[in-house]
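Q: Please take a close look at the side-chain contacts in this model. Which charged and aromatic groups meet, and where do they sit?

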Amino acid sequence: MRLDSSNALVVDTLVLNNDGTFVYHVYDKHDGGIPSERNMYGKGTWKLENNIVVFKTTTSDIDKTHTLNFNNSKARFITKSPRDKTNREVPTSLRFFKSNIFWVKGRDLLKK
(Lines give C-alpha, C1' and ligand atoms only; values in the text may rest on other atoms or scores of the structure.)
Protein backbone atom coordinates (compact mmCIF):
# COMPACT_ATOMS: atom_id res chain seq x y z
CA MET A 1 0.00 0.00 0.00
CA ARG A 2 1.33 3.43 -0.89
CA LEU A 3 0.24 6.94 -1.69
CA ASP A 4 1.35 8.28 -5.04
CA SER A 5 2.21 11.91 -5.81
CA SER A 6 -1.48 12.87 -6.07
CA ASN A 7 -2.38 11.34 -2.66
CA ALA A 8 -4.08 8.40 -4.33
CA LEU A 9 -4.14 5.11 -2.46
CA VAL A 10 -2.51 2.35 -4.52
CA VAL A 11 -2.34 -1.31 -3.42
CA ASP A 12 -0.44 -3.78 -5.64
CA THR A 13 -0.49 -7.53 -5.07
CA LEU A 14 1.54 -9.97 -7.15
CA VAL A 15 1.53 -13.67 -6.29
CA LEU A 16 4.19 -15.82 -7.97
CA ASN A 17 3.09 -19.43 -7.53
CA ASN A 18 5.52 -22.36 -7.43
CA ASP A 19 3.82 -23.93 -10.46
CA GLY A 20 4.93 -21.00 -12.67
CA THR A 21 1.65 -19.09 -12.65
CA PHE A 22 1.03 -15.60 -11.34
CA VAL A 23 -1.92 -13.45 -10.32
CA TYR A 24 -1.72 -9.64 -10.21
CA HIS A 25 -4.20 -7.23 -8.63
CA VAL A 26 -4.00 -3.47 -8.31
CA TYR A 27 -6.48 -1.32 -6.41
CA ASP A 28 -6.30 2.44 -6.60
CA LYS A 29 -8.50 5.12 -5.13
CA HIS A 30 -8.36 8.73 -6.32
CA ASP A 31 -10.45 11.25 -4.40
CA GLY A 32 -11.09 13.38 -7.49
CA GLY A 33 -10.74 10.69 -10.13
CA ILE A 34 -13.27 9.28 -12.54
CA PRO A 35 -13.86 6.54 -11.55
CA SER A 36 -12.86 7.27 -7.97
CA GLU A 37 -11.63 3.70 -7.41
CA ARG A 38 -10.50 0.89 -9.70
CA ASN A 39 -9.61 -2.79 -9.46
CA MET A 40 -7.51 -4.30 -12.25
CA TYR A 41 -6.41 -7.92 -12.56
CA GLY A 42 -3.96 -9.94 -14.62
CA LYS A 43 -2.77 -13.53 -14.67
CA GLY A 44 -0.51 -15.80 -16.67
CA THR A 45 2.79 -17.62 -16.33
CA TRP A 46 6.25 -16.57 -15.22
CA LYS A 47 9.75 -18.00 -15.40
CA LEU A 48 13.19 -17.01 -14.21
CA GLU A 49 15.79 -16.38 -16.96
CA ASN A 50 19.24 -15.15 -15.85
CA ASN A 51 17.83 -13.64 -12.63
CA ILE A 52 15.11 -11.83 -14.61
CA VAL A 53 11.44 -12.67 -14.05
CA VAL A 54 9.72 -12.94 -17.45
CA PHE A 55 5.92 -12.79 -17.58
CA LYS A 56 3.66 -14.25 -20.26
CA THR A 57 -0.09 -13.92 -20.74
CA THR A 58 -1.96 -16.03 -23.29
CA THR A 59 -5.36 -15.30 -24.80
CA SER A 60 -6.89 -17.92 -22.48
CA ASP A 61 -5.60 -15.91 -19.46
CA ILE A 62 -7.52 -12.80 -20.53
CA ASP A 63 -11.20 -12.71 -19.64
CA LYS A 64 -13.81 -10.27 -18.36
CA THR A 65 -12.02 -9.87 -15.00
CA HIS A 66 -8.35 -10.44 -15.90
CA THR A 67 -7.82 -7.77 -18.55
CA LEU A 68 -4.12 -6.92 -18.09
CA ASN A 69 -1.76 -8.38 -20.68
CA PHE A 70 1.69 -8.94 -19.16
CA ASN A 71 3.39 -10.11 -22.39
CA ASN A 72 6.80 -8.44 -22.81
CA SER A 73 6.91 -7.63 -19.09
CA LYS A 74 10.16 -8.24 -17.21
CA ALA A 75 11.21 -7.57 -13.64
CA ARG A 76 14.23 -8.11 -11.42
CA PHE A 77 14.57 -8.76 -7.72
CA ILE A 78 16.14 -5.94 -5.70
CA THR A 79 18.02 -7.22 -2.65
CA LYS A 80 20.94 -6.15 -0.51
CA SER A 81 24.23 -7.12 -2.11
CA PRO A 82 26.19 -9.76 -0.19
CA ARG A 83 29.22 -7.44 -0.57
CA ASP A 84 27.38 -4.66 1.29
CA LYS A 85 28.69 -4.99 4.85
CA THR A 86 26.82 -1.94 6.19
CA ASN A 87 23.87 -2.45 8.50
CA ARG A 88 21.43 -0.61 6.27
CA GLU A 89 18.14 -2.32 5.51
CA VAL A 90 17.28 -3.11 1.88
CA PRO A 91 13.83 -4.71 1.72
CA THR A 92 13.47 -7.38 -0.97
CA SER A 93 11.33 -6.12 -3.82
CA LEU A 94 10.51 -6.82 -7.44
CA ARG A 95 11.02 -3.94 -9.89
CA PHE A 96 9.42 -3.97 -13.33
CA PHE A 97 11.87 -2.55 -15.86
CA LYS A 98 9.99 -3.49 -19.04
CA SER A 99 6.27 -3.71 -19.77
CA ASN A 100 3.74 -2.82 -22.46
CA ILE A 101 1.47 -1.65 -19.62
CA PHE A 102 2.80 1.90 -19.30
CA TRP A 103 2.03 2.35 -15.61
CA VAL A 104 3.62 -0.98 -14.59
CA LYS A 105 7.10 -0.09 -15.88
CA GLY A 106 9.19 1.22 -12.99
CA ARG A 107 6.83 -0.08 -10.33
CA ASP A 108 8.37 -1.64 -7.20
CA LEU A 109 6.51 -4.37 -5.30
CA LEU A 110 7.76 -5.15 -1.79
CA LYS A 111 8.00 -8.78 -0.73
CA LYS A 112 5.78 -9.76 2.17
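**Side-chain contacts**

A: Arg 76 sits over the face of Phe 97, 4.3 Å from the ring centre. This is a predicted model.

The whole structure holds 6 aromatic pairs. One of them joins Phe 22 and Phe 55. Phe 22 is buried, at 1% relative accessible area. Phe 55 is buried too, at 2%.

Tyr 24 and Phe 70 make another pair. Here the centres lie 5.2 Å apart and the planes stand at 65°, so the pair is edge-to-face. The cut-off for that label is an angle over 60 degrees. Tyr 24 lies in strand β3, Phe 70 in the loop between β6 (66–68) and β7 (73–78). The pair therefore ties together parts that are 46 residues apart in sequence. Tyr 24 has 0% relative accessibility and counts as buried. Phe 70 is likewise buried, with a relative accessible area of 0%.

These rings belong to a cluster. Ring pairs link Phe 22, Tyr 24, Phe 55, Phe 70 and Phe 96.

Now the charged pairs. A search of the whole structure gives 5 salt bridges. Among them is Arg 107 with Asp 12, where the closest N and O atoms are 2.8 Å apart. This pair also links distant parts of the chain, 95 residues apart. Arg 107 is in the loop between β8 (93–98) and β9 (108–110), and Asp 12 is in strand β2 (residues 9–16). Both Arg 107 and Asp 12 are buried.

Asp 108 and Arg 95 form another salt bridge, at 2.6 Å from N to O. Asp 108 lies in strand β9 and Arg 95 in strand β8, so the bridge ties together parts 13 residues apart in sequence. Asp 108 is partly exposed, with a relative accessible area of 35%. Arg 95 counts as partly exposed, at 35% relative accessibility.

Glu 49 and Lys 47 also meet in a salt bridge, at 3.1 Å from N to O. Glu 49 is partly exposed, with 36% relative accessible area. Lys 47 counts as partly exposed, at 48%. Why is Lys 47 not classed as exposed? That class requires a value over 50%, and Lys 47 has 48%.

How values were computed:
Residues numbered from 1 in each chain as written. Predicted model: local features only at pLDDT ≥ 70, side-chain atom pairs only at ≥ 80, totals over all residues. Heavy atoms only, no water. Salt bridge = Lys/Arg side-chain N within 4 Å of Asp/Glu carboxyl O. Helix = DSSP H or I, 4+ residues; strand = E, 2+ residues; numbered from the N terminus. Buried < 20%, exposed > 50% of the residue type's maximum accessible area, 1.4 Å probe, protein only. Phe/Tyr/Trp six-rings, centres within 6.5 Å; stacked < 30°, edge-to-face > 60°. Lys NZ or Arg CZ within 6 Å of the ring centre and 35° of its normal.
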